[in-house]
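Good morning, and thank you for joining this group meeting. I shall speak about charged and aromatic side chains, and I ask you to keep the structure in view as I do so.

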Amino acid sequence: MHFDWSPDLETGHEDIDAQHQSLFALANELEDALSGDDFDVDTVENAIYGLTDYVVEHFGDEEALMTEARYPALSAHRSLHEHLTRDTMGFAARYFNGERVAASKIAPFVAGWLQEHIRGEDMRFVEFLKRG
């Protein structure tokens with residue numbers, strides 16, 4: 001499976017779009033590590049760490065922009081971020097506790113969630129920034 005960035009996911013905000021593209025690239029790195037002929041535990045684990053860490057970093061950056069812009073829907077948006085973070089970390093914890101199949105669920109979960117989130121919530125935030 002490959003997670004493609006598409007033009008309909010572009011918000012028009014350079015920093016947000018760059019981070020979203022990085023998240024898709026990290027999801028693809030994890031998928032590649034899992035599907036390669038030379039399955040390497042260290043490569044898979046590094047990819048999991050990279051993706052989960054960047055999810056947290058991106059959400060923090062996005063919420064900082066929202067705080068600075070006094071975005072009125074920040075609380076609801078933050079709640080959605082917390083939900084994805086909790087679920088993503090849950091998959092990672094299951095993997096590190098020996099449930100190998102959990103690793104194969106992380107990237108599709110994050111990429112699918114992000115596609116919907118970007119098309120809805122993030123687009124609304126960027127529209128708010130453009131009006132401000």
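This is a predicted model: local features need pLDDT of at least 70, side-chain atom pairs count only at pLDDT 80 or more; totals for chains, interfaces and linings use all residues.

Glu14 lies in helix 1; helices here are DSSP runs of H or I with at least four residues, strands are runs of E with at least two, and both are numbered from the N terminus. Glu14 counts as exposed because its relative accessibility is 67%. In these terms, buried means under 20% relative accessible area, exposed over 50%, and partly exposed in between, with a 1.4 Å probe and protein chains only.

Residues are numbered from 1 along each chain as its sequence is written, and side-chain values use heavy atoms, with hydrogens and water left out.

Helix 1 (14-35) and helix 2 (41-69) each supply at least two residues of the patch, and the largest share, 3 residues, comes from helix 2.

I turn now to paired charges. Side chains of opposite charge can pair when their charged atoms come close. The structure holds 6 salt bridges, each a side-chain nitrogen of Lys or Arg within 4 Å of a carboxyl oxygen of Asp or Glu. In one of them, Arg78 pairs with Glu63, the closest N and O atoms being 3.2 Å apart. This pair links distant parts of the chain, since Arg78 is in helix 3 (residues 74-96) and Glu63 is in helix 2, 15 residues apart. Is Glu63 buried or exposed? Glu63 is buried, because its relative accessible area is 14%, whereas Arg78, at 30%, counts as partly exposed.

A salt bridge also joins Lys130 and Glu127, at 3.5 Å from N to O. Both residues lie in helix 4 (residues 101-131), 3 residues apart, or about one turn of the helix. Lys130 is exposed at 54% relative accessibility, and Glu127 is partly exposed at 39%. Arg94 and Glu99 meet in a salt bridge at 2.5 Å, N to O.

Finally, the aromatic rings. Rings of Phe, Tyr and Trp (its six-membered ring) pair if their centres lie within 6.5 Å; planes under 30 degrees apart count as stacked, over 60 as edge-to-face and the rest as tilted. By this rule the count is 7 aromatic pairs. Among them, Tyr71 and Phe125 are edge-to-face, at 4.9 Å centre to centre with 65 degrees between the planes. Tyr71 is in the loop between helix 2 and helix 3, and Phe125 is in helix 4, 54 residues apart. Tyr71 is buried at 9% relative accessibility, and Phe125 is buried at 0%. Tyr49, Tyr95 and Phe96 form one aromatic cluster.
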